[in-house]
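Subject: Structure handover

Hello,

Please find the structure below, with notes on what was found in it. The notes follow the sheet, then the turns, then a helix and a few single residues.

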Amino acid sequence: IQREIKSTPQYVDIEYEMDERGNVLQYQSNLMVDETILATGLGTNKKKAQENAAQLFYEQVTPTKNPKK
């Protein structure tokens, strides 16, 4: 990620979904650089949400390979 955007990204984690007891069911993580959200990921814990955000960003900046027919 740092190579693509030439800056250090930050993750901002949010408790996205909670049950009636206040237990967190799902986290949202925003991958940000300079106050700009580059990608958002969801997961059952903060690490998974961050990994999902990083994967989504990577897929956005990586050119897709066209399969030869």
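Strand E2 (residues 24–33) and strand E3 (residues 36–43) run antiparallel and are joined by seven bridges. Two strands are taken to pair if DSSP finds at least two bridges between them. Helices (H or I, at least four residues) and strands (E, at least two) are DSSP runs, numbered from the N terminus. This is a predicted model, in which local features need pLDDT of at least 70 and side-chain atom pairs count only at pLDDT 80 or more, while totals for chains, interfaces and linings use all residues. Residues are numbered from 1 along each chain as its sequence is written, and side-chain values use heavy atoms, with hydrogens and water left out.

Overall layout

The chain has two helices and three strands, and its elements run α-β-β-β-α from the N terminus on. Of its 69 residues, 22% count as buried (buried is under 20% relative accessible area, exposed over 50%, partly exposed in between, with a 1.4 Å probe and protein chains only). Among the contacts in the chain with a separation of 6 or more, 20% are between residues 24 or more positions apart; contact means heavy atoms within 4.5 Å.

The sheet

The three strands form an open sheet in the order E1-E2-E3, with antiparallel pairing. Strand E1 (10–18) and E3 stand at the edges with a single partner strand each, so one side of each has no neighbour in the sheet. On average, neighbouring strands of this sheet are turned by 25° against each other, direction ignored. Axes here are lines fitted to C-alpha atoms, for helices over the stretch in contact, and angles run from 0 to 180 degrees between N-to-C directions.

E1 and E2 pair over eight bridges in the antiparallel sense. Asp13 stands opposite Ser29 in E2, and Val12 has Asn30 in E2 as its bridge partner.

The turns

The hairpin of E1 and E2 has five residues between the strands, and Gly22 in that hairpin takes a positive phi near 95°. The hairpin of E2 and E3 has two residues between the strands. Asp34 lies in the loop between E2 and E3 and has a phi near 50°, a positive value in a residue other than glycine. Glu35 is placed in the loop between E2 and E3 as well, and its phi is also positive, about 70°, although Glu35 is not a glycine. Asp34 is exposed, at a relative accessible area of 64%; Glu35 is exposed too, at 74%.

Asn30

Asn30 is found in strand E2 and counts as buried at 7% relative accessibility. Its side chain makes a polar contact with the side chain of Gln28 at 3.2 Å. A polar contact is a pair of N or O atoms within 3.5 Å; within protein, one must be able to donate a hydrogen and the other to accept it, and residues adjacent in sequence count only if both atoms are side-chain atoms. Leaving aside neighbours within four places in sequence, Asn30 is in contact with Gln10, Tyr11, Val12, Ile14, Ile37, Ala39 and Thr40.

Helix H2

Helix H2 (residues 46–61) has 16 residues, which at 1.5 Å a residue should span 22 Å; the end C-alpha atoms are 23 Å apart, in agreement. The expected span is 1.5 Å times one less than the number of residues. Ala49, Ala53, Ala54 and Phe57 of H2 are buried. They cover an arc of only 135° around the axis, which puts them on the same side of H2; the arc is that of the directions from the helix axis to the C-beta atoms. At the start of H2, a side-chain oxygen of Asn45 comes to within 3.2 Å of the backbone nitrogen of Lys47.

Lys48 has its place in helix H2 and is partly exposed, with a relative accessible area of 41%. Not counting residues up to four places away in sequence, Lys48 touches Leu42 and Gly43. Lys48 and Tyr27 are 21 residues apart in sequence, and their C-alpha atoms are 8.5 Å apart in space.

Regards
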